[in-house]
Each structure stands twice: as C-alpha cells, then as structure tokens.
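Have a look at it first, then read on.

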Amino acid sequence: MNRRILKYTGLALAACLGTAGCEQTNIYSEIDYNVTLDASNTYLAGDPVRFNISGNPDNLVFYSGEEGHEYANRNRYEIPEEDVIAMTLELQIQHRSGSDPQALDIYYTNDFAGLNGNDGAADRQLVQQMYDGGMQGWTKIEYNDPGVQQDVFLPVTADIEDCISNLCIAFRWHPSMSDLEQDRIDTYWVNGTLTVEIEGMDIMQYDLETLFGTAVMMDESIDAYHINSGNGSIRLDTNQDITFAGGRYSEIGHYCDGWLFSTPMGFNSTSPDQGTVVKNMQNYLDFYEYTYDEPGTYQAVFLGRNANYIGSSEEVNSFQVTILNRPVGSETE
C-alpha cells in the first residue's frame with residue numbers, strides 16, 4: 001500500500017514538473033514595492049493627496065501622521081514620563097459640621113500597591129504601620145481647613161505629575177474624641193477632578209469618585225470595611241464624590257478613624273496608534289488617496305508586508321507631507 005502511494009505521488013510530481021499550467025501557490029517572495037507622490041497633488045487642506053503605488057505587496061497599511069495615526073507610535077503602550085506636561089488634583093472640600101479643624105488629611109504617593117480589600121486585619125496592620133512610620137513615601141497635601149464652613153467649598157489644588165506611573169491618593173478621616181456626648185463628629189463633603197495633560201494627546205479628566213477605592217476603618221469594634229453605612233462611615237453613595245459622614249459619637253458607638261485609598265494606577269498608558277489597511281491579498285491597488293483636513297506637516301508612512309509559513313518581510317515608504325491653508329475664497333470640490 002505504501003509503495004503504491006509513493007508511486008502515484010511520484011507520477012503526479014513528474015506530471016506537474018512537465019506541465020506549464022501547474023501552479024506553485026506557496027512560493028514566498030521578498031517584498032518589493034514603491035510609492036511616489038502624484039505630480040497633480042495640490043497639498044491644500046481638503047484636497048486629496050494621491051500616492052501612486054507600484055509593485056504588489058500582499059498587505060499595505062497607511063499611517064497618515066495625524067494624531068493617533070503615527071507610524072512611530074504603532075507599538076507604543078506607555079507614554080514616557082518626560083512627555084507629561086501636568087497632572088493636577090483639584091478638590092472642593094466642605095467642612096459641614098464638627099469642631100476639629102484638622103480632622104481630614106490628604107496624601108498621595110507613587111509607591112503603594114494598594115490594600116488587600118478582603119483581609120481586614122491585614123489591611124489595618126498595613127495602614128497602622130505606614131502611619132506609625134511617618135507615612136514615608138507619601139506626600140501630604142497641605143491646606144488650611146477653616147473649620148465648619150457649611151455650604152462653602154474650599155478649593156485645594158496639588159500638582160502631582162511625579163506620580164503619573166502609579167498614583168495612589170489617600171484620605172484619613174480622624175475627628176477629635178473630645179467631649180463625646182456633646183461634640184458632633186466632623187463631616188466633610190469632597191468633590192474633585194484629576195486632570196492629566198500629556199504632550200501630543202487630548203487632555204484627560206477623571207472624576208474623583210471613579211478613582212476610589214478601598215476604605216478601611218481602624219476601630220476594631222466594627223467591620224474593617226464599614227462603608228456606605230450612614231453616619232459614622234465613609235460614603236461613596238451620596239451626591240458628593242466622597243462623604244465623610246459624621247453624627248454624634250453617642251449615637252454611633254464607634255470611633256471614626258477611617259482611611260480611603262484610590263486604586264493605584266498609572267495614567268501614562270495608552271493605546272498604540274492605528275494605521276489603515278489599504279490593501280490585502282484580495283485586492284490590487286495602484287494608487288491611494290488621503291485627505292488632510294487641517295494644515296500642517298505630517299509624516300505619512302506606508303508599511304508593506306509579505307508573509308506566509310515560509311517567511312516574511314517588510315518595507316517602509318515614508319513621506320513628509322506639508323499641507324497648506326486653502327487660499328481665501330477657494331472651495332473644495
């Protein structure tokens with residue numbers, strides 16, 4: 001049986017070699033193509049730029065050079081820290097009630113992995129160790145709390161661009177315990193925005209409520225993750241971004257020493273720039289047109305690629321294209 005198969009195979013191969021019509025479909029060839037700018041191009045905003053294409057690459061991808069479509073950024077997943085222009089935390093803090101003008105502390109760091117969130121004892125121990133150690137690695141945001149200023153928000157701003165790669169924000173709510181029967185627990189409303197500005201990218205803004213996070217209460221008479229539980233708890237379920245909800249100690253029955261942490265995260269990650277597939281193996285292309293709507297200088301790039309199981313090769317054709325404003329009174333067709 002095996003010899004018969006080999007015999008038939010040999011005959012078929014011989015017939016193929018001796019017949020001009022026998023095609024070899026899996027032959028790999030190095031890529032070889034060329035792109036030129038058409039002589040008719042006007043290079044005015046709103047007019048198509050024509051690229052003439054010779055050769056026949058299997059696949060051809062076009063990068064216009066516009067923001068989000070730059071060949072140089074096709075494999076970029078992280079923004080270099082030196083490209084960060086600004087990273088600003090803007091808070092609005094209202095001291096609603098209580099008599100302690102220093103009952104809310106705010107910190108930030110670039111060096112914290114976050115809490116467990118499922119092990120109250122371990123999280124309490126970690127927070128206590130950080131605090132007893134002087135909050136090393138954390139920067140405290142200084143502000144002048146005037147005490148109770150009901151219906152008045154105090155603006156607090158901090159420049160925190162040094163933390164672009166792993167920002168964590170922490171609030172510590174620790175009202176005074178003096179005269180527990182008479183004094184009200186200090187209540188705070190906090191709203192805020194984190195603004196990130198990076199060279200060559202749109203400005204990004206994040207509401208404070210979207211950044212948080214794990215809260216942990218240090219009083220061991222209550223659950224470590226006592227949250228959204230009315231007075232005496234840290235609340236993320238109100239009309240404010242964060243509410244540190246007071247009341248009277250006599251009514252609550254526990255000490256309000258609570259911490260709220262944002263989820264540690266980097267803000268310099270990004271999606272790679274995208275090109276446009278203008279040709280694949282199913283279509284033939286001898287020119288491609290692209291219209292730039294805004295004047296400027298762009299690095300337009302064509303990335304050609306041939307590939308199969310035998311091998312692959314790539315070739316880049318790059319052009320600096322300067323697009324001018326249209327003359328006054330002219331119109332695009």
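Which residues form the negative surface patch?

1. Keep in mind that this is a predicted model. The patch is made up of Glu78, Glu81, Glu82, Asp159, Glu161 and Asp162. One of these, Glu81, sits in the loop that runs between β3 (59–63) and β4 (84–97).

2. Next, the open sheet. Five strands with antiparallel pairing are lined up as β6-β5-β8-β16-β12. The edges belong to β6 (139–140) and β12 (212–217): each has a single partner strand, so one side of each has no neighbour in the sheet.

3. Within that sheet, have a look at β8 (residues 168–173) and β16 (residues 258–262). These two strands run antiparallel and are joined by four bridges. Trp173 faces Gly258 of β16.

4. Check the peptide bond between Phe212 and Gly213: it's cis, with omega at about -5°.

5. Tyr43 isn't a glycine, yet its phi is positive, near 60°. Tyr43 lies in the loop between β1 (33–37) and β2 (48–55) and is partly exposed, at 24% relative accessible area.

6. The other one is Asp151, also a non-glycine with positive phi, about 70° here. You'll find Asp151 in the loop between β6 and β7 (154–159). With 62% relative accessibility, Asp151 counts as exposed, since the cut-off for that is over 50%.

Conventions: Residues numbered from 1 in each chain as written. Predicted model: local features only at pLDDT ≥ 70, side-chain atom pairs only at ≥ 80, totals over all residues. Heavy atoms only, no water. Pairing = 2+ DSSP bridges. Patch = residues over 30% accessible without salt bridge, like charges linked within 9 Å, V, L, I, M, F, W, Y side chains within 5 Å. Areas by Shrake-Rupley, 256 points an atom, 1.4 Å probe, with all protein chains shown as cover. Salt bridge = Lys/Arg side-chain N within 4 Å of Asp/Glu carboxyl O. Lys, Arg positive; Asp, Glu negative; His and termini not counted. Charge placed at Lys NZ, Arg CZ, Asp CG, Glu CD. Buried < 20%, exposed > 50% of the residue type's maximum accessible area, 1.4 Å probe, protein only.
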